[in-house]
Amino acid sequence: MLTVTDPVKSASPKSRMLTLCKAAAAPHAADVDKSARFPSETFAVLKRERLMGLLVPAALGGPELPLEEVADLCRILAQHCASSGMIYAMHNIKLHNLVTGGIDSTWHRELMKRVVAEQLLLGSATTEAGIGGDLRNSICAVERDGETFSLTKDATVISYARDCDAIFATARRNASAASSDQVMVALMKDQYELTQTHAWDTLGMRGTCSEGFILKGSANAAQIFPQPFAELAAQSMLASAHILWSSVWFGIAQDALGRAQAMIRAEARRRPDVKPPAATPLADAGIKLHQLRAVISDALERFRRVASDADALGSIGFSMAMNNLKVTTSRLASEVVLEALRIAGIQGYRNDSPYSVGRHLRDVLSAPLMIANDRVISNLSSSVLVSKFDSSLVE
């Protein structure tokens, strides 16, 4: 059990996350995976260590950490428990949406304060039956009645829905709006009902509990985000989702390769006069891991430069860069974990081995499927026809 006298001032968020991983995330990761359950131990400590509101501006009581620091926390957490890392990433994607799209709204500013004070966990309902996984289209619509609204959404996936303190849902602006004319709404836990429609019995990322639900909610109209979802997606969701997801996949790959390295080191200590045959493929996998890190670092720097420029965030070039990030990192992370398995051999294949990477492999294979790479590449194909490849080494 962690005990701290002043969690905000006693240590940096990174050092607190490292302590958390050893105390809560790592010891329970296997059971979270086996039981396909929410990593409650991890998030109890995350909340106690006050790590849920790190992106909230200082003026609203938050630490106002930059996205790159939160990305690194996602990486660290995913090294120990991929489901915990992914849930933390998805929470911070929603928090980034809130900070970006709600800063000029009194209600949303108050919610930011609540996230910090109460350490709320934010969830997302952007997918919907009948739209083929395209989050930029909705079938359900906001129904206004004076100062209140209601909606009913057949959400094929709402990750960790039962454990959320609030859910941000997308819907058409009104019943007569086009499917792409969307808004995002914030619904607090006491403002919605969930009826399960799909179970979550998957190969990996089992602890995210990404079940399907009919979401029915009603709330004050002030809880509708003031800007169109198209703008919010371009200015916040695209970059924050692909950067934070990629950081999680990097963490999984990093730990898998670390296990393979530990096995080779143990072999080298037993036979110090003989170079282990697996040292060469280990070095090759290390190159891919460094490539993965470089791609994420480049995306973080690109986003930092244009974060306050709405035109740049909405440009074809930036959209292509973020979508390229998703495809590249999901491929590289999967390749690194597969290489780690080949290097570790039967010891990596066994579930009862300290060098096991079976859970890593199952978890990282979700990466190409979270917004399927084929869909991303298909969308990129149209942009490629109208844009010029950037060949400059200096921006």
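Before anything else, a word on pairing: two strands are said to pair if DSSP finds at least two bridges between them. Helices (H or I, at least four residues) and strands (E, at least two) are themselves DSSP runs, numbered from the N terminus.

What you see above is a predicted model, in which local features need pLDDT of at least 70 and side-chain atom pairs count only at pLDDT 80 or more, while totals for chains, interfaces and linings use all residues. Residues are numbered from 1 along each chain as its sequence is written, and side-chain values use heavy atoms, with hydrogens and water left out.

Let me start with the chain as a whole, which has 13 helices and 7 strands. Its radius of gyration, taken over C-alpha atoms, is 21 Å, close to the 21 Å that the globule rule (2.2 Å times the number of residues to the power 0.38) gives for 395 residues, so the chain is as compact as a globular protein of that length. Along its principal axes, the C-alpha trace spans about 80 × 55 × 40 Å. Of the 395 residues, 52% are buried, where buried means under 20% relative accessible area, exposed means over 50%, and partly exposed lies in between, with a 1.4 Å probe and protein chains only.

Turning to the strands, I would begin with β2 (143-145), which pairs with β3 (residues 148-158) in the antiparallel sense over 3 bridges. Within this pair, Glu143 stands opposite Ser150 in β3. The hairpin of β2 and β3 has 2 residues between the strands, and Gly146 there takes a positive phi near 65°. On β3 there is also a pairing with β7 (residues 211-220), again antiparallel, over 9 bridges, and here Leu151 has Gly217 in β7 as its bridge partner.

Which residues does Thr126 touch, not counting residues up to four places away in sequence? With contact meaning heavy atoms within 4.5 Å, they are Lys94, Ile131, Leu135, Lys153, Thr170 and Met237. Thr126 has its place in the loop between β1 (122-125) and β2, and at 10% relative accessibility it counts as buried.

Is Asn379 buried or exposed? Asn379, which has its place in helix α13 (residues 373-386), is exposed, with a relative accessible area of 51%. The C-alpha atoms of Asn379 and Val337, which are 42 residues apart along the chain, are separated by 27 Å.
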